[in-house]
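Please read them with the model open.

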Amino acid sequence: MRGVSQATAQKAPAGAAISAPTKRGGGAVGGALAKTAGGLVSVTTRIFGEVASRGETALADFRARPEHSRWRAYTLGIYGVIVAATLAGQLYTSNALDAYVRVQRVELPAMTQIFVRNDSRKPWRDVTITLNGIYDFHADEVAPGGHVMLPVNKFAVHDHLGKATYAPRNIAPKNLVVATDGGRYETELGE
């Protein structure tokens, strides 16, 4: 058979194309596959072209973002500090002892009384109440919820021998200090 094909090939005029016998179904499937592949390539090129352009935009945004994110973090951090400081200011109390102090003036007989109450959950021990920075009163303990109510003439100054000089009945209370083994509270008692 080889000899026949070669002889046929030799009889063909020069420059004429020799075509192999084709099967009609195979050529159509091949052409359809080629067109489908071409269409798929063009669609994916469009899709990935958009993806590439979106990716470039996203990359540019990402590169610009760290500075923006830093400023956003600074802003949120400062806001957090302001909120924390406000909360701390609202919750902070200079009354570590939870003391309640009231000045009560009595008309008959004319005198002023000092009322100090322990509103904490712990007892106060070794309590010293000082009036106007000069006169003081000492109590061993004030229980939680307990109180001390004293006329101002029960506050005294003690000399080096221990002799007491009591405050006058008409003294105007200006400030009061409550000192215990657990802390100290000072308040102004202005008129």
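Is F155 buried or exposed?

1. F155 is buried, at 1% relative accessibility. Bear in mind throughout that the model is predicted.

2. Searching the whole structure gives two aromatic pairs. One of them joins Y100 and F115 in an edge-to-face arrangement, with 6.2 Å from centre to centre and 75° between the planes. This pair links distant parts of the chain: Y100 belongs to strand β1 (residues 99-106) and F115 to strand β2 (residues 111-118), 15 residues apart.

3. The partners in this pair can be sorted by accessibility. Y100 has a relative accessible area of 31% and is therefore partly exposed. F115 is at 9% relative accessibility, so F115 counts as buried, because the cut-off for buried is under 20%.

4. The other pair is formed by F137 and F155, also edge-to-face. Here the figures are 6.4 Å centre to centre and 65° between the planes. Distant parts of the chain are again linked: F137 lies in strand β4 (residues 135-142), while F155 lies in the loop between β5 (147-151) and β6 (156-158), 18 residues apart.

5. F137 has 23% relative accessibility and so counts as partly exposed. Its partner F155, at 1%, counts as buried.

6. The ring of F115 has the charged end of R102 over it, 4.8 Å from the ring centre. F115 is also the residue that pairs with Y100.

Definitions and conventions:
Residues numbered from 1 in each chain as written. Predicted model: local features only at pLDDT ≥ 70, side-chain atom pairs only at ≥ 80, totals over all residues. Heavy atoms only, no water. Phe/Tyr/Trp six-rings, centres within 6.5 Å; stacked < 30°, edge-to-face > 60°. Helix = DSSP H or I, 4+ residues; strand = E, 2+ residues; numbered from the N terminus. Buried < 20%, exposed > 50% of the residue type's maximum accessible area, 1.4 Å probe, protein only. Lys NZ or Arg CZ within 6 Å of the ring centre and 35° of its normal.
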